[in-house]
Amino acid sequence: MAAIHQYCSLLNIITITLMLTIIAKPSLVTCTFQPSPWTLAHATFYGDETASATMGGACGYGNLFVNGYGTDTAALSSTLFNNGYACGTCYQIKCVQSKFCNTNVPYTTVTATNLCPPSWSQASDNGGWCNPPRSHFDMSKPAFMKIAQWKAGIVPIIYRRVRCARKEGFRFSFQGNGYWLLVYVMNVGGGGDIANMWVKGSRTGWISMSHNWGASYQAFATLGGQTLSFKVTSYTTKETIIAWNVAPSNWSPGLTYSAPTNFH
């Protein structure tokens, strides 16, 4: 099992030090993701009951069944998508103020796996549901049908960000070659999002990876034939995790490698 090192941001360390100094009693500051307040928005759906139209998507998760996301997914309007930094985030969604709401379902939980692009030829209140500055969820049809009747087409909702409860640890899907490494990071817990990534070969120091798009990060470096470790920082909580020796020296593009750790 790979060795794991976890630590919170320096800001948390400074915060707890100041709190201890000011109030002179122990306080605990953690990196655990906390739910956001409920907010009004709207939701639609795309595809059919098989959710085949949701496969792939702007986040780059590929086959959502194989990679653990299933049909409980949604495409976010660009306001929420945040240039891909919202990929992997989790939301509770509840239908409200509509006769089509399923009143026996308090809410459903979805993961952001795709972008709902603007439709500039349509008005924001008549077809252009994902136009900025609207916060909108275009859900898979199976997810939408948990909260409302599909014939509604669009329903008002309330939503909030929640902790992503993931089984097991990060999964790193590799593309590229020995001189350019593109990594899609999946199964992210806690806030579900990633702000920064670094890779370390067994013969290199830490190399900063740039955000490519969606949930992918890239490094232009000679890493072939080396065991690879990764350092990952959460966009929301700033928690940082180092997973040592995730991929063996004979790693190959097209394969996915797992780490035994995750965000809280």
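Mentor: A disulfide is a pair of cysteine sulfur atoms within 2.5 Å. Keep that rule in hand. This is a predicted model, where local features need pLDDT of at least 70, side-chain atom pairs count only at pLDDT 80 or more, and totals for chains, interfaces and linings use all residues. Residues are numbered from 1 along each chain as its sequence is written, and side-chain values use heavy atoms, with hydrogens and water left out.

Trainee: How many disulfides does the rule give here?

Mentor: The count comes to four disulfides. One of them pairs C59 with C87, with 2.0 Å between the sulfur atoms. The link of C59 and C87 is left-handed, at -90° about the S-S bond. C59 sits in the loop between β2 (39–46) and β3 (73–77), and C87 in the loop between α2 (78–81) and β4, so the pair ties together parts that are 28 residues apart in sequence.

Trainee: Are C59 and C87 buried or exposed?

Mentor: Start with the cut-offs. Buried means under 20% relative accessible area, exposed means over 50%, and partly exposed lies in between (1.4 Å probe, protein chains only). C59 counts as buried at 1% relative accessibility. C87 counts as buried at 4%.

Trainee: Which residue does C90 join through a disulfide?

Mentor: C90 is joined to C164, S to S 2.1 Å. This link is right-handed, with 120° about the S-S bond. C90 lies in strand β4 and C164 in the loop between β7 (155–162) and β8 (171–176), so the pair ties together parts that are 74 residues apart in sequence. C90 is buried, and so is C164.

Trainee: What is the handedness of the link of C116 and C130?

Mentor: Right-handed, with 95° about the S-S bond. The sulfur atoms of C116 and C130 are 2.0 Å apart. The pair links distant parts of the chain: C116 is in strand β5, and C130 is in the loop between β5 and β6 (136–140), 14 residues apart. Both C116 and C130 are buried.

Trainee: Now a serine. Where is S216?

Mentor: S216 is in strand β12 (residues 216–220). S216 is buried, with a relative accessible area of 1%. Contact means heavy atoms within 4.5 Å. Leaving aside neighbours within four places in sequence, S216 is in contact with L182, V183, Y184, S210 and H211.

Trainee: What does the side chain of S216 reach?

Mentor: The side chain of S216 reaches the backbone oxygen of W213 at 2.6 Å. A polar contact is a pair of N or O atoms within 3.5 Å; within protein, one must be able to donate a hydrogen and the other to accept it, and residues adjacent in sequence count only if both atoms are side-chain atoms.

Trainee: Is N104 buried or exposed?

Mentor: N104 is exposed, with a relative accessible area of 67%. N104 is found in the loop between β4 (90–95) and β5 (108–116). N104 and K146 are 42 residues apart in sequence and 9.5 Å apart in space, C-alpha to C-alpha.

Trainee: What share of the whole chain counts as buried?

Mentor: Of the 264 residues, 45% count as buried. For contacts with a separation of 6 or more, residues 24 or more positions apart account for 69%.

How values were computed: Helix = DSSP H or I, 4+ residues; strand = E, 2+ residues; numbered from the N terminus.
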